[in-house]
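Okay, I've got one model to walk you through today.

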Amino acid sequence: MGKLTIGCFSSLVGSMTLDFALKLSEAAIKKGHTVDMWLSGNATMLSKKGQRKFQDYSSLEASMTEMLGKGLNVTACEACAEARGYHKEDLIEGLGRKSMDWYLASCFEADRVLHIGGE
């Protein structure tokens with residue numbers, strides 16, 4: 001099977017792009033592919049543990065944790081996270097935090113690369 005690298009450059013507020021990225025990751029993993037997901041900019045907030053659930057509002061911490069157990073490899077941009085005031089100890093267990101070099105290396109090794117979001 002192949003490797004898919006997904007770069008998430010989306011905002012969390014009012015955006016469904018992270019929901020889509022997780023659903024796409026799940027479908028790819030079910031088909032036997034390896035998936036790396038990079039969280040950059042405001043999307044890094046998806047990696048923060050202790051997210052509060054609201055009725056009729058997308059909350060992805062539980063979905064993210066479930067996908068980590070199925071083999072999804074998620075890494076948040078360290079600089080983006082620090083700029084937003086949270087640190088390594090604030091991460092959901094199993095997530096990584098690295099510089100953009102990790103993302104570029106993952107893209108280089110991937111069979112397919114998909115960038116989601118952006119301004």
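So, the buried residues of α4 are covered by, among others, β1 (3-9), β2 (34-39), β3, β4 and β5, where a contact means heavy atoms within 4.5 Å. Keep in mind that this is a predicted model: local features need pLDDT of at least 70, side-chain atom pairs count only at pLDDT 80 or more, and totals for chains, interfaces and linings use all residues. Side-chain values use heavy atoms, with hydrogens and water left out, and residues are numbered from 1 along each chain as its sequence is written.

Helices here are DSSP runs of H or I with at least four residues, strands are runs of E with at least two, and both are numbered from the N terminus.

Which residues of α4 are buried? In this helix, residues 100-109, they are W102, Y103, S106 and C107; buried is under 20% relative accessible area, exposed over 50%, partly exposed in between, with a 1.4 Å probe and protein chains only. These four cover an arc of only 135° around the axis, so they sit on the same side of α4; the arc is taken from the directions from the helix axis to the C-beta atoms. Over on the other side, D101, F108 and E109 are exposed.

Now the sheet. It's open, with five strands in parallel pairing, ordered β4-β3-β2-β1-β5; two strands pair if DSSP finds at least two bridges between them. At the edges we have β4 (96-98) and β5 (112-117), each pairing on one side only. Strand β3, residues 73-77, runs parallel to β4 and is joined to β4 by three bridges. C77 has K98 of β4 as its bridge partner.
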